[in-house]
Amino acid sequence: MEYYSPVFHSLQAFWSSPVKKKLLLLSIMFVVWVYMLYSCVGYCSTMPGLVMVDTPRGKETAPATGRRSDLVSRLLAKPQPWEDVESDYEEPSIRTAASRDLLDADRDRVPDPSAMSSFSNGSGSKKLPQAIIIGVKKGGTRALLEFLRVHPDIRAVGAEPHFFDRNYENGLEWYRDLMPKTLEGQITMEKTPSYFVTREAPARISAMSRDTKLIVVVRDPVTRAISDYTQTLSKKPDIPSFESLTFKNRTTGLIDTSWSAIQIGIYAKHLDNWLQYFPMDQILFVSGERLISDPAGELGRVQDFLGLKRIITDKHFYFNQTKGFPCLKKAEGSSKPHCLGKTKGRTHPNIDPEVVQRLRDFYRPFNMKFYQMTGHNFGWD
């Protein structure tokens, strides 16, 4: 007994220590847990496992016997997140060879956009435009677009895409990628004034969507031609005078209709081309003059045409006496007043009154036809 007394005393001292007692209990519990774990694994290994099988619709689970995973992989394997079938869809490249071939085969025919009208990408999605401001140059299109962007249900591209006249070979996917993201109920818009005078534009827009709503800002064609010339003059000060460009022969008074500044103002001729592809009720004509004198009134018509609530009203505008144009009290995404840039509202050069009168005489029959076609007298004569 005396030989075992040291051991006895050591055990007694060990049990008398609370910390050591807890360590012993934890060790016993660990041994029991390991035993139960091994027992469970041995039982589960007799059951058929589940493996991932690739199918045409994605990855699916299927029973597989004879496949065993080692203990470490079973213990360390993490649960896989749920994968939606649609997440495997990849958006086709903007410049695919297939789309190039389609466009090369017939540049005036485009693929059916129903399968590519939008794609999800974060908050909102990019869609092909449902409404386009197609004209006219120097008519007030920039002002209209800036005013419309105040509306919470309108999202528009800032720059002119020129897709249907200059960049059509890039394809609809390239075009759609230029658009801003929109939420459900919002309208995607763009403006490129040269569409109105581009012969191919109506057919191309119709091929994209026959339901596209078209907006044309028109202005007194004489004033518009002078404004067009003024813009060119600011960039090329050495160009010939307005008078010399207007006439083929000043003596006979024959107007040179090949000059774009004159040609754009023959609105009835261009409208004829658009009516081959779109009904009149899908085209809204905005008065460039009233867009200055009564911006809220014209914006009300546009909002009605687009099927939107009249949110843009008189309270959004103030008249800038210096520029002679209405300005926004608060622009899109800003709390500060906003007027159009310095390039808008340039002072026109003095034009010989006789030249102005000859231009009015030239445009009068075209204006009369345009009034009849649209059912609206714009009062330019």
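This is a predicted model: local features need pLDDT of at least 70, side-chain atom pairs count only at pLDDT 80 or more; totals for chains, interfaces and linings use all residues.
**View 1. Helix 8 against helix 14.** Helix 8 covers residues 221-235, and helix 14 covers residues 353-374. Their axes come within 9 Å and cross at roughly 125°. Angles of 65 to 115 degrees count as roughly perpendicular and those over 145 as roughly antiparallel; the two helices are therefore oblique to each other. Helix 8 makes the contact through Pro 221, Val 222 and Thr 223. Helix 14 contributes Val 356, Leu 359, Arg 360, Tyr 363 and Asn 367. Five residues of this contact are nonpolar, two are polar and one is charged.

View 2. Glu 243 lies in helix 9, residues 242-246. Its relative accessible area is 16%. The cut-off for buried is under 20%, so Glu 243 is buried. Beyond its neighbours within four places in sequence, Glu 243 is in contact with Arg 250, Asn 350, Ile 351, Asp 352 and Val 355. Val 355 is 112 residues away from Glu 243 in sequence. In space, their C-alpha atoms are 6.7 Å apart.

View 3. Strand 5 spans residues 131-135. Five of its five residues are buried, so strand 5 is largely enclosed by the rest of the structure. Strand 8, residues 187-191, runs parallel to strand 5 and is joined to it by three bridges. Here Ile 133 has Lys 191 of strand 8 as its bridge partner. Strand 9, residues 213-218, also runs parallel to strand 5, with four bridges between them. Ile 132 stands opposite Leu 214 of strand 9.

Key
Residues are numbered from 1 along each chain as its sequence is written. Side-chain values use heavy atoms; hydrogens and water are left out. Axes are lines fitted to C-alpha atoms, for helices over the stretch in contact, and angles run from 0 to 180 degrees between N-to-C directions. Angles under 35 degrees count as roughly parallel, over 145 as roughly antiparallel, 65 to 115 as roughly perpendicular and the rest as oblique. Contact means heavy atoms within 4.5 Å. Ala, Val, Leu, Ile, Met, Phe, Trp, Tyr, Cys and Pro count as nonpolar, Asp, Glu, Lys and Arg as charged, and the others, Gly among them, as polar. Buried means under 20% relative accessible area, exposed over 50%, partly exposed in between (1.4 Å probe, protein chains only). Two strands pair if DSSP finds at least two bridges between them.
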